[in-house]
Amino acid sequence: MRTNMTLSVAIMSGKGGVGKTNISLNLGCALHQAGFRTLLMDCDLGLANLDVLLGIAPEGNLQDVLLGNAAVDDVLHTVDNGFEVLPAASGVPELIDMDADMRSLLLDRLEPTLDNYDFVFLDLGAGINDVVQAFASMVALRIIVITPEPTSLTDSYAIIKVMSSRYNIRDFMVLVNQTESKKEEQYTFARLHGACKRFLGIEPVLLGAVRNDRKLVDAVRRQEPLLRCFPGSPAGQDLQAVAARLQQIRMNMLDWLADRPPLTAPLP
Ligand SMILES: Nc1ncnc2c1ncn2[C@@H]1O[C@H](COP(=O)(O)OP(=O)(O)OP(=O)(O)O)[C@@H](O)[C@H]1O
Ligand SMILES: [Mg+2]
């Protein structure tokens, strides 16, 4: 019997532009550097931009796989000698509204490839449309990225509420991005945690925080991952720490992961 070792992780946020893609990309880099086989899937079918952050022009993408025009292995793009990226294409309207059959088809096509990785990150679009919900319900671990802005808090709460009521999912990890201080990190997390506990009976877990850092903006301009150009920067150090925590989490989850596929089938 095959034993699954792949930890699939969805990176989500209520509000757009909070740092999901940069976080996914750099966690992928960090884990690859630590010797883990890592895949990053751009699942933002509305506004894909992973390729832009990497300065690459992919020849094929997730949609080609979905439409049967290409095999998964043909559209994988290798970054830094081994860390792999599965690009998406922006603005393909019919695919934004993927139905359940298409999602199952996509899973069938992806599964043999996903098996090869220790970590698979799904960089999701912002908000909580059906595609986001479907992907988020398939993974083993959900990370919600929040920032200290009040709207980020309310929008993240909405995601947790929808995922719990519709899919009965109650485990969420939270990453606070763009923090100015430890105090701000703790305050931001405490507000979300407090609201979820009080109104939903759910207690999200703090995964870590990433400081607000000019170097990350510079890395975006250079179209390179932060951990490649400024690994010692404050945000770079924080992302390494989060990656180390994810290694630990995966170790602790291996028994549980063994009995499930890398991505579970979505509900209809
Ligand atoms: N820790 C940080 N320090 C400074 N700036 C940051 C940080 N994280 C994100 N940013 C800024 O936020 C911008 C948006 O980041 P990113 O594209 O990763 O967000 P996103 O959540 O993926 O957005 P979208 O919802 O559009 O997919 C970056 O280009 C950068 O300018
Ligand atoms: Mg993004």
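This is a predicted model: local features need pLDDT of at least 70, side-chain atom pairs count only at pLDDT 80 or more; totals for chains, interfaces and linings use all residues.
Some ground rules. Residues count from 1 along each chain as its sequence is written, and chains are lettered from A and ligands numbered from 1 in written order. Local features need pLDDT of at least 70, side-chain atom pairs count only at pLDDT 80 or more, totals for chains, interfaces and linings use all residues, and side-chain values use heavy atoms, without hydrogens or water.

Strand S5 spans residues 119–124. Strands here are DSSP E runs of at least two residues, helices H or I runs of at least four, numbered from the N terminus. Six of the six residues in S5 are buried, meaning under 20% relative accessible area with a 1.4 Å probe, protein chains only. Phe119, Phe121 and Asp123 point one way; Val120, Leu122 and Leu124 point the other. In a regular strand, side chains alternate between the two faces of the sheet.

Now the neighbours. S1 pairs with S5 in parallel over five bridges, and S2 runs parallel to S5 with six. Pairing takes at least two DSSP bridges. Valine 120 is the bridge partner of serine 8 and stands opposite leucine 39.

On to ligand 1. Which residues come nearest? Lys20, Thr21, Asn22, Asn177 and Asp213, of the 18 around it. Threonine 21 puts a side-chain N or O atom 2.8 Å from a ligand oxygen. For asparagine 177, the distance to a ligand nitrogen is 2.9 Å, again from a side-chain N or O atom. A polar side-chain atom of asparagine 212 lies 3.2 Å from a nitrogen of ligand 1. Elements giving two or more residues to the shell are H1, S7, S8 and H10.

Terms used
Buried means under 20% relative accessible area, exposed over 50%, partly exposed in between (1.4 Å probe, protein chains only). A residue is near a molecule or strand if one of its heavy atoms lies within 4 Å of it. A polar contact is a pair of N or O atoms within 3.5 Å; within protein, one must be able to donate a hydrogen and the other to accept it, and residues adjacent in sequence count only if both atoms are side-chain atoms.
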